[in-house]
Amino acid sequence: MPPELHLVDDGDAAEHAASILAQLAELDRLDAQAATANDVPPTTWTPIDLNDALNGIDVPPPSTMRRTDGVNLLYAGRTHGFAGESESLKSWAAQVAAQQELDVGHDVLWIDFEDDASGVVARLLALGASRQAITEHFVYVRPEEPLRGMGGTWTAGGIDFERLIVDRQWSLIVIDGVTEAMVTEGLELNDNGDIATWSRLLPKRCANTGAAVVMLDHVPKAIDNRGRYAIGGQHKLAGLTGAQYVFEVERSFSRARTEPITGIVKITVTKDRPGHVRTHATNNVIARIELTSYPDGGVSAAIVPPGEGNAPLDLTTAKRIVDHLTIYPKSSKNGIETAIGGNVGTIRQTLVAMVTAGWITVETNGRAHLHTLTDDGNDHFNA
């Protein structure tokens, strides 16, 4: 109720008029304050609606970075860590995930503190991403200034970052170089408080867009000190809202000169907060990534379930390849995949195995790999 206004004799008129004006001014201030409060968006201190929890609605399963059997490894709207030594293919794994998203027209943001644009784009092209998809759906930034200035205020770079993350509906956001990113902000790698600050500042803000966020990181050099998380404070692991993956080389990967070269890396899950990924792991091994480089610079990739990479040759797929090459010698890899159909990862694995066994030869013509059945291959399958 507004304050009651009183009429008085002339002797007190001036004093009471001033009092009335003061009361009216206070009412205006309170009204304005209430209106402003109604316009302020709720904070994270606002109570959460528990209907979904009460109705048993769970965290959705992962939707990004597919294995050859269709199982996904990255959760939308959550943060993930890829940790491993140098040349453990963790960057390649993130680029395979990016290529998968680009192939279906989804937007990918790459925040790079380590590499450069030419290196990342060259790998995407080698993996088979189209120039059009990269132009339309891939965004690359190479930050060198912090998001925050003195006193915690946003810098011009921080303002550009805010605009960037709301610019599109990102499916995947990769942060390459956690150590360098933290150093850029003037934060200590081994300080759990600084790790928590950086996590809120960059990766969790990215995850709030609904994107699956991947952070590429290093493991400690001393094997005994590696544990379950990357180099630095333990909060790197504790602060993840998705899953943590550790990469371990089983067969080195390199550029091919005259024959295809296949590298293999074991991927172990060391944390899975929502719990969907571990159900598809064997002794915590969730996948192996197999990359095959070809003399023309092309690269084929397969993220295979645990054990499948070392499984016996898929004879059904091999026989279909033999039948196709008997009629159409010098077929390209894409031509074989299109003609025989089925799981692309299985076809590529089978082709590599058959080349290694000497049943198929490969010659290059531009960017194409032309496959021809050898006499040994013909004798083995058609005898």
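Guide: A residue is called buried here when its relative accessible area is under 20%, and exposed when that value is over 50%. The model is a predicted one, and the part to look at is helix α11, residues 315-327, together with the sheet on which α11 packs.

By that criterion, T317, A318, I321, V322, H324 and L325 of α11 are buried. These residues cover an arc of only 165° around the axis, which puts them on the same side of α11. An α-helix has 3.6 residues a turn, so residues three or four places apart point the same way. On the other side of α11, L315, T316 and I327 are exposed. The helix α11 comprises 13 residues and reaches 19 Å from its first C-alpha to its last, close to the 18 Å expected at 1.5 Å a residue.

Turning to the sheet, three strands in the order β12-β14-β13 form an open arrangement with antiparallel pairing. Because β12 (331-332) and β13 (360-365) stand at the edges with a single partner strand each, one side of each is left without a neighbour in the sheet. The pairing of β12 with β14, residues 368-373, is antiparallel and runs over two bridges, and within this part of the sheet S332 stands opposite L370 of β14. Helix α11 touches β12, β13 and β14, and its direction makes about 95° with that of β14.

Definitions and conventions: Residues are numbered from 1 along each chain as its sequence is written. This is a predicted model: local features need pLDDT of at least 70, side-chain atom pairs count only at pLDDT 80 or more; totals for chains, interfaces and linings use all residues. Side-chain values use heavy atoms; hydrogens and water are left out. Two strands pair if DSSP finds at least two bridges between them. Helices (H or I, at least four residues) and strands (E, at least two) are DSSP runs, numbered from the N terminus. Contact means heavy atoms within 4.5 Å. Axes are lines fitted to C-alpha atoms, for helices over the stretch in contact, and angles run from 0 to 180 degrees between N-to-C directions. The expected span of a helix is 1.5 Å times one less than its number of residues. Buried means under 20% relative accessible area, exposed over 50%, partly exposed in between (1.4 Å probe, protein chains only). The arc is that of the directions from the helix axis to the C-beta atoms.
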